[in-house]
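Good morning, colleagues. Please have the sequence and the three-dimensional view open while I speak.

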Amino acid sequence: MDEEYDVIVLGTGLKECILSGLLSVDGLKVLHMDRNDYYGGDSTSLNLNQLWKRFRGEDKPPAHLGASRDYNVDMVPKFMMANGTLVRTLIHTDVTKYLSFKAVDGSYVFSKGKIYKVPATDMEALKSPLMGLFEKRRARNFFIYVQDYNEADPKTHQGLDLTRVTTRELIAKYGLSDDTVDFIGHALALHRDDRYLDEPALDTVKRMKLYAESLARFQGGSPYIYPLYGLGELPQGFARLSAVYGGTYMLNKPECKVEFDMEGKVCGVTSEGETAKCKKVVCDPSYLPNKVRKIGRVVRAIAIMSHPIPNTNESHSVQIILPQKQLGRRSDMYVFCCSYTHNVAPRGKFIAFVSAEAETDNPQSELKPGLDLLGPVDEIFYDVYDRYEPVNEPSLDNCFVSTSYDATTHFETTVTDVLSMYTMITGKCGFECCQCC
């Protein structure tokens, strides 16, 4: 271990593994270490015995749930946009050869106590029971504007500068109701709260176009895809990529201590009495707790069921977004479900997650609106964890710390963080690595 590296990466969560792979492809000498004896860190996937041990102690799971090895339960469940940044990164780096994906059956939104399929195009808007007749026409006109909008072609802008016009102003032009705005902003554009309404509309329009492009890519019932055998396959795919390009991996390395020189810059990492020298360190918040601050908590319920979620057209995989306004909350709630069709549970079993940013001192009770949608459950587990973000200045100490995973059940915010870190580490545009500039 007594060598010098360009970068030492600590932790094998998805963010750290993506960066390890991208930096190795760039020709940097990378050492990747983890205190655990498994890949994935906080974003790992657990079999049934591991799930039981984590949440129930030493109890053994009941036999009627099936074989432990047939379960791959994600600790940070997220779907991928079929045409999103993560998928383009996977394709660009050729990590897709290590993974198999399957389309997700359905994308739904909670409105006025019921769940509805999310309409994403002008034709779907006309058929949607979410809206009345006149509202459908207004929504259709708005969808046509978004579909035709081309940032490089002023003729499609209809005289609107979307870098100046706010989303609220753009929506007012089409006279859309608050409920329609709700599903557009949260279920199509995937905003987590309502701050977007007073921000430039260009971001929301781009997000809506991404949703529609992703929906069209696989001609499925949703814009999302998900790896067979769960998300635990993703960190390992990027770890293999790093290894192919010369990256070195060391798991089960206890007490990884980051070392600093007299100027406060990182100079190495020590474990078990050995020090590896380096110019930069990339890590999750747990490795440098004095360089992060708490920004909130995520509460998540994990349910094992013997049926699909009711009112989702028998979908074996589905996302339901519950917008904040529908629940009287400050942020959205998310329901995620997958099953044996994605090889994450035995035949006939479904894994459902309900996730939210905790807003009270009793976070489990906050999940009731999402749990009420699930129907009967065989088993349920609750997880609450703190979220952290870095407060250090990487240009001064060469430490690049990722932000904790949020409550969303899609990957767009995760990849934004990764590519921002990539830019800081390399000085390159983070989006060059996935050809999406």
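I shall take the pockets, the salt bridges, a surface patch and some points along the backbone in turn.

This is a predicted model, in which local features need pLDDT of at least 70 and side-chain atom pairs count only at pLDDT 80 or more, while totals for chains, interfaces and linings use all residues. Residues are numbered from 1 along each chain as its sequence is written, and side-chain values use heavy atoms, with hydrogens and water left out.

Let me begin with the pockets. The search uses a 1 Å grid over the protein atoms alone; a pocket is an open set of points where a 1.4 Å probe fits, with protein on both sides within 12 Å along at least five of seven lines, and a lining residue has an atom within 4 Å of a point. Grid points are joined across faces, edges and corners, and a volume is the space filled by probe spheres set on the points. Helices (H or I, at least four residues) and strands (E, at least two) are DSSP runs, numbered from the N terminus.

The largest pocket has a volume of about 680 Å³. Which residues lie nearest its centre? They are Thr 85, Arg 88, Lys 206, Arg 207 and Leu 210, out of 23 lining residues. Three helices each supply at least two residues of this lining: α3 (85–93), α8 (201–218) and α14 (412–426). The largest share, 6 residues, comes from α8. By class, the lining has 10 nonpolar, 5 polar and 8 charged residues. Here Ala, Val, Leu, Ile, Met, Phe, Trp, Tyr, Cys and Pro count as nonpolar, Asp, Glu, Lys and Arg as charged, and the others, Gly among them, as polar.

The second largest pocket has a volume of about 500 Å³. It is lined by 23 residues, and those closest to its centre are Arg 192, Arg 195, Glu 357, Arg 387 and Asp 406. Both β14 (292–305) and α14 supply at least two residues of this lining, with the largest share, 4 residues, coming from α14. The lining divides into 4 nonpolar, 7 polar and 12 charged residues.

I turn now to salt bridges. Side chains of opposite charge can pair when their charged atoms come close. The rule used here asks for a side-chain nitrogen of Lys or Arg within 4 Å of a carboxyl oxygen of Asp or Glu. By that rule the count is 27 salt bridges.

One of them joins Asp 417 to Lys 15, with the closest N and O atoms 2.8 Å apart. Asp 417 is in helix α14 and Lys 15 in helix α1 (residues 14–25), so the pair links distant parts of the chain, 402 residues apart. Both residues are buried; buried means under 20% relative accessible area, exposed over 50%, and partly exposed in between, with a 1.4 Å probe and protein chains only.

A further salt bridge, at 3.9 Å from N to O, is formed by Arg 54 and Asp 383. Arg 54 lies in helix α2 (residues 48–56) and Asp 383 in strand β18 (residues 379–390), so this pair ties together parts that are 329 residues apart in sequence. Arg 54 is partly exposed, at 43% relative accessibility, whereas Asp 383 is buried, at 12%.

Two residues from the centre of the second pocket, Arg 192 and Arg 195, return here. Arg 195 meets Asp 193 in a salt bridge of 2.8 Å, N to O. Arg 195 is exposed, at 60% relative accessibility, and Asp 193 is buried, at 17%. Arg 192 belongs to a network of salt bridges with Lys 78 and Asp 406.

On the surface, Val 25, Val 244 and Tyr 245 form a nonpolar patch with about 280 Å² of accessible area together. Patch residues have over 30% relative accessible area and no salt bridge; nonpolar side chains (Val, Leu, Ile, Met, Phe, Trp, Tyr) are joined within 5 Å, and like charges within 9 Å. Areas come from the Shrake-Rupley method with a 1.4 Å probe, and for residues only the protein chains shown count as cover.

Finally, the backbone. Most residues other than glycine have a negative phi. Lys 112 has a positive phi of about 50° and sits in the loop between β7 (106–111) and β8 (114–117). Tyr 229 takes a positive phi of about 75°, in the loop between β9 (224–227) and α9.
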